Amino acid sequence: MNKNIFGDNPVMNFLTTLCDIVILHFLWLLTSIPVFTIGASTTALYYTTMKCIRNGQGGVVKLFFKSFKENFKQASALGLLFLLAGAICAFDLSYAIKAGQNILLIIFTIMTFVFVSCAFYLFPLEAQFENTIKGTIRNSLLMSIKHLPWTLLLMVITVVMLAMAYFSSAILGLMLIIGVGLHAYLCSLIFVHIFNAYMPEEEDKDDADFHIVLPDDKTEDQN
């Protein structure tokens with residue numbers, strides 16, 4: 001994703017970005033194998049993609065493991081909470097469907113929609129801003145509501161990628177070597193746009209300054 005090496009050569013820049021996306025895909029898979037590290041690996045993934053989109057920097061392996069190490073404890077805790085909440089939502093929906101309870105199905109569907117909306121922002125926020133676990137969860141919920149059109153677009157991107165992989169074996173094979181990295185990169189284009197409103201007006205921030213504090217009420221104060 002280094003846009004500076006090849007200047008204005010669009011072909012080489014595209015190939016470099018594609019290569020980095022593949023690398024990030026496998027880095028995420030590798031570091032997610034223990035399962036309890038999925039929060040740290042996802043945070044590192046978004047840290048790297050957003051950093052590269054903003055600054056056009058390469059060195060994705062270094063950036064990935066930098067974030068993985070620095071955010072390991074809190075991001076891993078968020079990941080476990082995410083998995084637990086997802087399991088509860090899946091169980092509730094399954095129960096409502098099997099029991100034929102339409103009212104419960106509607107309630108649990110709404111709960112699942114809120115969970116999925118919040119989950120989209122959870123790890124990008126952890127990667128971008130310094131905050132407590134409670135503050136990160138709270139802000140992910142507030143942002144998903146405040147930026148609802150973008151939230152819906154994130155869902156569309158996810159559904160389209162899954163549907164294409166489901167209906168095409170060729171695309172499924174492609175997704176097995178690039179899917180996670182590509183999804184994170186496409187979503188990061190949106191997150192970079194959203195987070196700009198919450199970033200200090202400073203240019204050329206280096207790695208040491210990439211994490212900034214997001215107060216719990218920050219999302220409510222922005223227009």
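Histidine 25 sits in helix α1 of this predicted model. With a relative accessibility of 2%, histidine 25 counts as buried, because anything under 20% does. What does histidine 25 touch, once residues up to four places away in sequence are set aside? The answer is a run of neighbours: Met175, Leu176, Ile177, Ile178, Gly179, Val180 and Gly181. One of these, valine 180, is 155 residues from histidine 25 along the chain, yet the two C-alpha atoms are separated by 5.2 Å.

**The largest pocket**

Valine 180 turns up again in the largest pocket, where Trp28, Tyr46, Thr158, Val180 and His183 lie nearest the centre. This pocket has a volume of about 640 Å³, and 22 residues line it. Which elements give two or more residues to that lining? They are α1 (10-32), α2 (38-55), α5 (102-128), α7 (148-167) and α8 (169-195).

Let us take α2 next, as one of the helices that line the pocket. It has 18 residues and reaches 26 Å from its first C-alpha to its last, close to the 26 Å expected at 1.5 Å a residue. Most of α2 is covered, with 16 of its 18 residues buried.

Threonine 42 is a handy residue to look at here, as it is placed in α2. Is threonine 42 buried or exposed? Its relative accessible area is 11%, so threonine 42 is buried. Beyond its neighbours within four places in sequence, threonine 42 is in contact with Trp28 and Phe123.

Valine 35 is found in the loop between α1 and α2, and its phi is near 70°, a positive value in a residue other than glycine. Valine 35 is partly exposed, with a relative accessible area of 48%. Just after α2, glycine 56 also takes a positive phi, of about 65°.

Isoleucine 190 belongs to helix α8. At 6% relative accessibility, isoleucine 190 counts as buried. Leaving out residues up to four places away in sequence, it touches Trp150, Leu153, Leu154 and Ile157. Isoleucine 190 also lies 9.5 Å from methionine 50, C-alpha to C-alpha, although the two are 140 residues apart in sequence.

Leucine 152, in helix α7, has a relative accessibility of 38% and so counts as partly exposed. Isoleucine 106, placed in helix α5, counts as exposed at 54%, because the cut-off for exposed is over 50%.

| Pair | Apart in sequence | C-alpha distance |
|---|---|---|
| Histidine 25 and valine 180 | 155 residues | 5.2 Å |
| Isoleucine 190 and methionine 50 | 140 residues | 9.5 Å |
| Leucine 152 and serine 117 | 35 residues | 8.1 Å |
| Isoleucine 106 and alanine 96 | 10 residues | 8.8 Å |

**The whole chain**

Stepping back, the protein chain has 9 helices and 2 strands. From the N terminus on, these elements run α-α-α-α-α-β-α-α-α-β-α. Of the 223 residues, 43% count as buried. How many of the contacts between residues at least 6 apart in sequence join residues at least 24 apart? The share is 73%.

The predictor's confidence, given as pLDDT, averages 88 over the protein chain, and 86% of the residues score at least 70. Where is confidence highest, and where is it lowest? It is highest in α7, at 96, and lowest in helix α9 (residues 218-221), at a mean of 46. Over residues 218-223 pLDDT stays under 50, and for this stretch the model has 12 contacts beyond four places in sequence.

Terms used. Residues numbered from 1 in each chain as written. Predicted model: local features only at pLDDT ≥ 70, side-chain atom pairs only at ≥ 80, totals over all residues. Heavy atoms only, no water. 1 Å grid on protein atoms, 1.4 Å probe; cavity = no way out; pocket = protein on both sides within 12 Å on 5 of 7 lines; lining within 4 Å. Points joined across faces, edges and corners; volume = space filled by probe spheres on them. Helix = DSSP H or I, 4+ residues; strand = E, 2+ residues; numbered from the N terminus. Buried < 20%, exposed > 50% of the residue type's maximum accessible area, 1.4 Å probe, protein only. Contact = heavy atoms within 4.5 Å. pLDDT = per-residue confidence, 0-100. Expected span 1.5 Å × (residues − 1).
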